[in-house]
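These are my notebook entries on a single structure.

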Amino acid sequence: MTTDAPAHAHERVLSTLNEDGSRRWLYPRLSKGRFLTRRRLVAYVLLIVYNALPWISIGGKPSIHLNLPAREFTFFGATFLPTDTVLLMLFVAGLFVLIFLLTALFGRVWCGWACPQTVYLEFIYRPIERLFEGEPTARGERPKKIPGWRVAGKYVVFFLISWHLAHTFLAYFVEPTTLLQWSTQSPFDHPAAFTIVMAVTGLMLFDFVYFREQTCIVACPYGRFQSVMLDRQSLIISYDESRGEPRGKLKKRRSKGTPAKDDLSLKVVHEAPVRGDCIDCEMCVTTCPTGIDIRRGLQMECIGCAQCIDACDSVMDRIGRPRGLIRYSSQAAMEENRRSVIRPRVFIYPAILSIIVIAFVTVLVTSPAANVTIHRIGDRAYTVVDSGMASGMVRNDLELRIVNRTNEPQRYRFTIGGIEGGELISQDQNLELPAGGRGRAAVSLFVPREAFTMGRATATITLRDDGGYEREMTYRLQGPWGSESSDSQKRETAP
Ligand code: SF4
Ligand code: SF4
């Protein structure tokens, strides 16, 4: 699909690198058209979604909350804990397969239409820049002679938006109520939080004011992977070489009586002799946010934003040619006039995805209502009680670490079974835990010494909650091996 493109687009190693190695700053021209209108609509809806999600509560929890210090991840009311390794693994695997499938079908539709980087850059930051500094030049360069106050005004607004964006970003990681508290109190009350907010604001400014399209071109791993995820039938934005070539500039011929300044009324004819539809106006190049020339074929830098389609369609309208010289298509359709959605990966990816979803739901539904782990505490393996009511019993001190995985507060009780005469005593009986809360209960198990064989006895500890959940756990207790006189762990204890 490679053709002769303008020299300035061809000679660069990277579209954003000048020949001397300096950064080529891009100021893409805005091309109005049907795709820009649709993308704008999608972007405004997504902006609302991105900003609202952390503040919307489902079942008493934020709809999305990534609590990194506690290693708890909440998605739409379901909280995943570090012990949910299988669920997390399935979730991540499902996400990857879904990305593979979407990319195989629709190319980089995520990049061009929904990625927060694109949405914020193209529909917030760049419009503000144009508002303060004016439209880029016809060559896609920054307007000349911008008054200083306009530049300063732009940076002030950029700072405020980045500051807001930093709060939105942090709201995914910090409880919204905590974040509100941070925002309304003096920075000196929360120096660490203030530093985090300012650091994230700085990062946002760096990304959207300085780094910009470099994030898509050199930093985002998805951009790197796309070449292995696409096939010849994937939907991409393509230039129709068979229709556009050989390209050539137009000679303008004015209709009789038409004012010279009215460009739209100009009739245009090709310079010589028979040419393709591309008039080499470079509107598709100067509008491209990553600075590439789509006429060179599919390139890694193309984020699928469709701005070149809108630009070229408007040119075709003006010269009286059919739209679609640049359009959504596929490599196979462009080169062999063969478009087929049906191919192996279109069935294989959904099949794998279905298996993952079924496995995920099964694990989720069968997950216990409480996570419990048992830990031995104290500095002795066991104690033989030789006074009081429990005289002659062997005591094991344990701690139950419990996570309430339900969406309701729960109260927990514990009992011992499996050993005749065994008794469980705990000051933490009726331990109350909020939804998703964690807690510890110290328990002491008293077991007759006759229950031990070669220093071991197996007990069953049962945990019950208010919701009717019951969990039995077997635990191997430690005790004396032989006669009372040889008991090295013995001490006086009265329960
Ligand atoms: S906008 Fe269309 S006509 Fe103009 S250079 Fe690009 S492909 Fe050719
Ligand atoms: S080539 Fe077209 S679709 Fe790709 S990034 Fe540039 S303007 Fe967007």
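This is a predicted model: local features need pLDDT of at least 70, side-chain atom pairs count only at pLDDT 80 or more; totals for chains, interfaces and linings use all residues.

**Entry 1: the four-stranded sheet**

I began with Tyr412, which I found opposite Leu431 in S15. The strands concerned, S13 (residues 410–417) and S15, pair in the antiparallel sense over three bridges. I then placed this pair in its sheet, an open one of four strands in the order S15-S13-S17-S18, with antiparallel pairing. Strand S15 (431–433) and strand S18 (470–478) stand at the edges with a single partner strand each, so one side of each is left without a neighbour in the sheet. I recorded an average twist of 30° from one strand to the next.

I turned to strand S12 (residues 393–404) and asked how many of its 12 residues are buried.

I looked up the pairings of S12 in turn. Strand S10 (residues 370–376) pairs with S12 in the antiparallel sense over seven bridges, and His375 stands opposite Glu399 in S12. Strand S11 (residues 383–384) is joined to S12 by two bridges, and these strands also run antiparallel. There I noted Arg395 in S12 as the bridge partner of Thr383. With strand S16 (residues 438–448), S12 pairs over 11 bridges, again in the antiparallel sense. In that pairing I found Arg401 opposite Arg440 in S16.

**Entry 2: the three-stranded sheet**

I next examined an open sheet of three strands in the order S3-S4-S5, whose pairing is antiparallel. Between S3 and strand S4 (residues 72–75) I found four bridges in the antiparallel sense. His65 has Thr74 in S4 as its bridge partner.

**Entry 3: helix H6**

I checked whether the length of helix H6 (residues 148–171) fits its residue count. At 1.5 Å a residue, its 24 residues should span 34 Å, and the end C-alpha atoms are 35 Å apart, which agrees. I listed the buried residues of H6 as Ser162, Leu165, Ala166, His167, Thr168, Leu170 and Ala171. These buried residues pack against helix H2 (34–52), helix H5 (116–133), helix H7 (176–184) and helix H8 (191–211).

**Entry 4: the ligand shells**

Which of the 16 residues around ligand 1 come nearest? I found Cys278, Cys281, Met283, Cys284 and Cys312. Helix H12 (283–286) and helix H13 (307–319) each supply at least two residues of this shell, and H13 gives the largest share, three residues. By type, I divided the shell around ligand 1 into 11 nonpolar residues, one polar and four charged.

For ligand 2 I counted 14 surrounding residues, the closest being Cys288, Ile294, Cys302, Cys305 and Cys308. The shell around ligand 2 holds 10 nonpolar residues, four polar and no charged.

Methods. Residues are numbered from 1 along each chain as its sequence is written. Chains are lettered from A and ligands numbered from 1 in the order in which they are written. A residue is near a molecule or strand if its C-beta atom, placed from the backbone, lies within 6 Å of it. Ala, Val, Leu, Ile, Met, Phe, Trp, Tyr, Cys and Pro count as nonpolar, Asp, Glu, Lys and Arg as charged, and the others, Gly among them, as polar. Two strands pair if DSSP finds at least two bridges between them. Axes are lines fitted to C-alpha atoms, for helices over the stretch in contact, and angles run from 0 to 180 degrees between N-to-C directions. A residue is buried if 20 or more other C-beta atoms lie within 10 Å of its own, exposed if 12 or fewer, and partly exposed in between; C-beta atoms are placed from the backbone. The expected span of a helix is 1.5 Å times one less than its number of residues. Two residues are in contact if their C-beta atoms, placed from the backbone, lie within 7 Å.
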